[in-house]
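Please keep the model in view while reading.

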Amino acid sequence: MKLSADTITTREVLDWQGLHLLNFSQSSCSQKVRILLAEKGVRYRSREVNLARGEQTTGWFLGINPRGVVPVLVHDGEVHVESNDILRYIEEKFPSDQHSWFPNDAWQRDLTDRLLELEDELHIHLRVATMGYLLPHSVAKKSEAELEAYAKNGADDPDRDQIVAWWRAYGDQGITDRQADEAVEAFDRAFSELNLLIEDRQWLLGDEPSVLDIAWFITLYRTVEAGYPIRVHPALEELYERMLARPAFRQELTKGPRWVQVVGRLYRRFRRLRGTSLESVYQRWSRRMNTLDTPKGKLPS
Ligand SMILES: N[C@@H](CCC(=O)N[C@@H](CS)C(=O)NCC(=O)O)C(=O)O
């Protein structure tokens, strides 16, 4: 989605020539865009917006993207937001010689549109997985000053209002059981569909990786890191291993401040030992689903 120059109050970006990606090393939506750029060998200037330090809430950044989220692509002074739209834009402006990352076939194009949309819809649940199961609440929650800055800086944006409300509720109560259940249910539904789609293919759309593999890779990586038991979808698990083995995919996962990764790893181990990882949420949820499916669990008519 291209933002109109009139809405940009941080005017300096309108003079940036070439390709610039405002992103955060550990942000999954940023990783998605970086993987496509790496696969295509497109050179760009990476400008870190440190989400861990709240840089997305500054007047400077909100003057570029009033939604207060990364990634943002600036190309010759034009500002583009929304990672999936940015992927499309990159494909259009920098077509690859070897193969197209977006399919040409009409049926596959429709499927790609739908599955990219589904992946975008899952983002709210990905936030639940990250903030509930990968980072301690005390580290992840935002301060009141940060939330105030987030809400007040930059032009009004309903998307940002929702994000700020989410962070406020998270600061007060953390991730609720209901949010966790909804997240594993959404992951299970989406991953089951992908698992069926794979059949005997190497990648989601066939023998070559496509933009769908990039987009779903970062979702899979985050959920698996949080403890989601990907083994319950065996074909998808195999595909995930294949994705991890691809250098351009793997290299984008480990960039950025090491302490974020170390804290994440230790915290994950702690949750696993206590039996409170996303896996335990999944087990509890799937037991309940199975019980509801059996005659014993049905309400008497
Ligand atoms: N739909 C947007 C979602 C962007 C988004 O939510 N980005 C996250 C990082 S993955 C972010 O910037 N969050 C701000 C924060 O954590 O405060 C997209 O695909 O670009």
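1. Ground rules. This is a predicted model; local features need pLDDT of at least 70, side-chain atom pairs count only at pLDDT 80 or more, and totals for chains, interfaces and linings use all residues. Residue numbers start from 1 along each chain, as its sequence is written.

2. The sheet. Five strands form an open sheet in the order β1-β5-β4-β2-β3, and the pairing is mixed. Helices (H or I, at least four residues) and strands (E, at least two) are DSSP runs, numbered from the N terminus. Two strands pair if DSSP finds at least two bridges between them. β1 (2-3) and β3 are the edge strands; each has a single partner, so one side of each lacks a neighbour in the sheet.

3. β1 and β5 (residues 78-81) run antiparallel and are joined by two bridges. Here Leu3 stands opposite Val79 in β5.

4. β2 (residues 19-23) and β3 (residues 45-48) run parallel, with four bridges between them. His20 faces Arg45 of β3 across this pair. From β2 the chain passes through α1 to β3, a right-handed β-α-β crossover. Right-handed means that, with the strands pointing away from the viewer, the path from the first strand over the helix to the second runs clockwise.

5. The ligand shell. Residues around the ligand include Ser27, Cys29, Gln56, Glu82, Asp120 and His123. Helices α1 (28-40) and α3 (83-93) each give at least two residues to this shell. By class, the shell has four nonpolar, six polar and two charged residues. Nonpolar covers Ala, Val, Leu, Ile, Met, Phe, Trp, Tyr, Cys and Pro; charged covers Asp, Glu, Lys and Arg; the others, Gly among them, are polar.

6. Buried means 20 or more other C-beta atoms within 10 Å of a residue's own, exposed 12 or fewer, and partly exposed in between, with C-beta atoms placed from the backbone.

7. A loop residue. Glu208 sits in the loop between α9 (177-198) and α10. Is Glu208 buried, exposed or partly exposed? Glu208 has 14 C-beta neighbours inside 10 Å, so it counts as partly exposed.

Technical notes. Near = placed C-beta within 6 Å.
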